[in-house]
Amino acid sequence: MTGDIAEMGKFIGAGLAAFGLGGAGIGVGNIVANFLAGALRNPSAAPGQTANLFVGIAFAEALGIFSFLIALLLMFAV
Amino acid sequence: MATEEQASGGLQIHPMDQFIVKPLFGGDAVAWYTPTNVTLWMAVAVLAMTALLVLGTSRRAIVPSRSQSVAELLYGFVYNMVEDVTGREGAKFFPYVMTLFMFIFVSNMVGLIPMSFTTTSHIAVTATLALLVFGTVTVVGFVRKGPAFLAMFWISSAPLALRPVLALIEVISYFVRPLSHSIRLGGNLMAGHAVIKVFAGFAGAMGVASVVPIAAIAAIYGLELLVAAVQAYVFTILTCVYLRDAVGEAHH
């Protein structure tokens, strides 16, 4: 019985951890939206900023990947 | 990967089974010298990379063949990236950065072959690469700049009262770099491959309606091709950004 509760807690925890990915989605969307807004205002400056765009996306996305990792650890490693 | 049906008898999906390291020639024990599937696919990646870059450019034709133009394209792409981000001084690190990029890119692509093994989905592999970058940046920074390298943590443009707090944050973020650097690559690859396996499990359990998950697998596979390339690019460009701290002028 206690094993069942622990099992249930794992799944609930993994589900809750998946919320973090939503934050990463919002962050990445925000970055790309602002990049596009800026790029459409000044298209000639846009190509020089793609590196910054990808670095920003990578930083925002890393935090979502961390929460995904927590979910995976709960599901398969705990 | 859709051919490997994980789901038999109910919905039993084991998306993480694909990441198990197995010895190639039977047995279960894995020592440091055991040839495993990781060894095999790393060797495949290195051979593919060598074939593309060395054999592709060996003729050095003025009108390039297809493999030569791909190799030249990759060379020029990485060289421009290194030079743009780290400057002229950082271009000395081009061989290292090019090796990193090609290894990660080819490993990611080789890992997308059905039934193959994705070496870069293992934190052990990506952490080794990230720790090497971290060590290189630290050592090169101290060798080139001496104690002045520590000025990176002391942001002189901030108000004096804030500087100790910022220094603490900068130090923490410096030491978290290898962690986020490795987990970003490994986690992205692992996530994508696990998603494909989960959908493959659905396909095994749904009978005729499995057309839907199989179509989804095709779409996700396309996305994974993009992720494989973008993550190799991101890993490389972050390496360049970190190298800029070590060799470039202070950017604060």
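## Close-up views of a two-chain predicted model

**View 1. The contact between chains A and B.** Eleven residues of chain A are in contact with 14 residues of chain B; contact here requires C-beta atoms, placed from the backbone, within 7 Å of each other. On the side of chain A that touches chain B, ten residues are nonpolar, none is polar and one is charged. Nonpolar covers Ala, Val, Leu, Ile, Met, Phe, Trp, Tyr, Cys and Pro; charged covers Asp, Glu, Lys and Arg; the others, Gly among them, count as polar. The model is predicted: local features need pLDDT of at least 70, side-chain atom pairs count only at pLDDT 80 or more, and totals for chains, interfaces and linings use all residues. Residues are numbered from 1 along each chain as its sequence is written, while chains are lettered from A and ligands numbered from 1 in the order in which they are written.

**View 2. Chain A as a whole.** Chain A has three helices and zero strands. Its pattern along the sequence is α-α-α. Helices (H or I, at least four residues) and strands (E, at least two) are DSSP runs, numbered from the N terminus. The C-alpha atoms fill a box of roughly 65 × 15 × 10 Å along the principal axes. The radius of gyration of chain A is 18 Å, whereas a compact globule of 78 residues would have one near 12 Å. That radius is taken over C-alpha atoms, and the globule rule is 2.2 Å times the number of residues to the power 0.38. Buried residues make up 10% of the 78 residues in chain A. A residue is buried if 20 or more other C-beta atoms lie within 10 Å of its own, exposed if 12 or fewer, and partly exposed in between, with C-beta atoms placed from the backbone. Of the chain A contacts with a separation of 6 or more, 91% join residues 24 or more positions apart.

**View 3. The helix pair α2(A) and α3(A).** Helix α2 (residues 19-41) and helix α3 (residues 50-77) of chain A pack at an angle of about 170°, with their axes 7 Å apart. Axes are lines fitted to C-alpha atoms, for helices over the stretch in contact, and angles run from 0 to 180 degrees between N-to-C directions. The two helices are therefore roughly antiparallel, a label for angles over 145 degrees; under 35 is roughly parallel, 65 to 115 roughly perpendicular and the rest oblique. Residues of α2(A) in the contact include Gly20(A), Gly23(A), Ala24(A), Gly27(A) and Phe35(A). Among their counterparts in α3(A) are Leu53(A), Gly56(A), Ala60(A), Gly64(A) and Phe68(A). The residues of this contact divide into ten nonpolar, six polar and one charged.

**View 4. Ile57(A).** Ile57(A) is found in helix α3 of chain A. It touches Val28(A) and Ile31(A), not counting residues up to four places away in sequence. Its C-alpha atom is 9.9 Å from that of Gly25(A), 32 residues apart along the chain. Ile57(A) counts as partly exposed because it has 19 C-beta neighbours inside 10 Å.

**View 5. Chain B as a whole.** Chain B has six helices and zero strands. The C-alpha trace spans about 65 × 55 × 40 Å along its principal axes. Buried residues make up 32% of the 252 residues in chain B. Residues 24 or more positions apart account for 66% of the chain B contacts with a separation of 6 or more.

View 6. α1(B) has 21 residues and reaches 30 Å from its first C-alpha to its last, close to the 30 Å expected. The expected span is 1.5 Å times one less than the number of residues. Val38(B), Ala45(B), Met49(B) and Leu53(B) are buried in α1(B). The buried residues of α1(B) pack against α2 and α3 of chain B. α3(B) has 18 residues and reaches 25 Å, close to the 26 Å expected. Its buried residues include Leu100(B), Phe101(B), Phe105(B), Ser107(B) and Asn108(B). The buried residues of α3(B) pack against α1, α2, α4, α5 (163-205) and α6 (211-247) of chain B.

**View 7. Two loop residues with positive phi in chain B.** Arg60(B) lies in the loop between α1 (37-57) and α2 (66-90). Its phi is near 50°, a positive value in a residue other than glycine. Arg60(B) counts as exposed, with 7 C-beta neighbours inside 10 Å. Met115(B) is in the loop between α3 (94-111) and α4 (123-145). Phi of Met115(B) is near 70°, again positive in a residue other than glycine. Met115(B) is exposed, with 8 other C-beta atoms within 10 Å.

Methods:
Contact = placed C-beta atoms within 7 Å.
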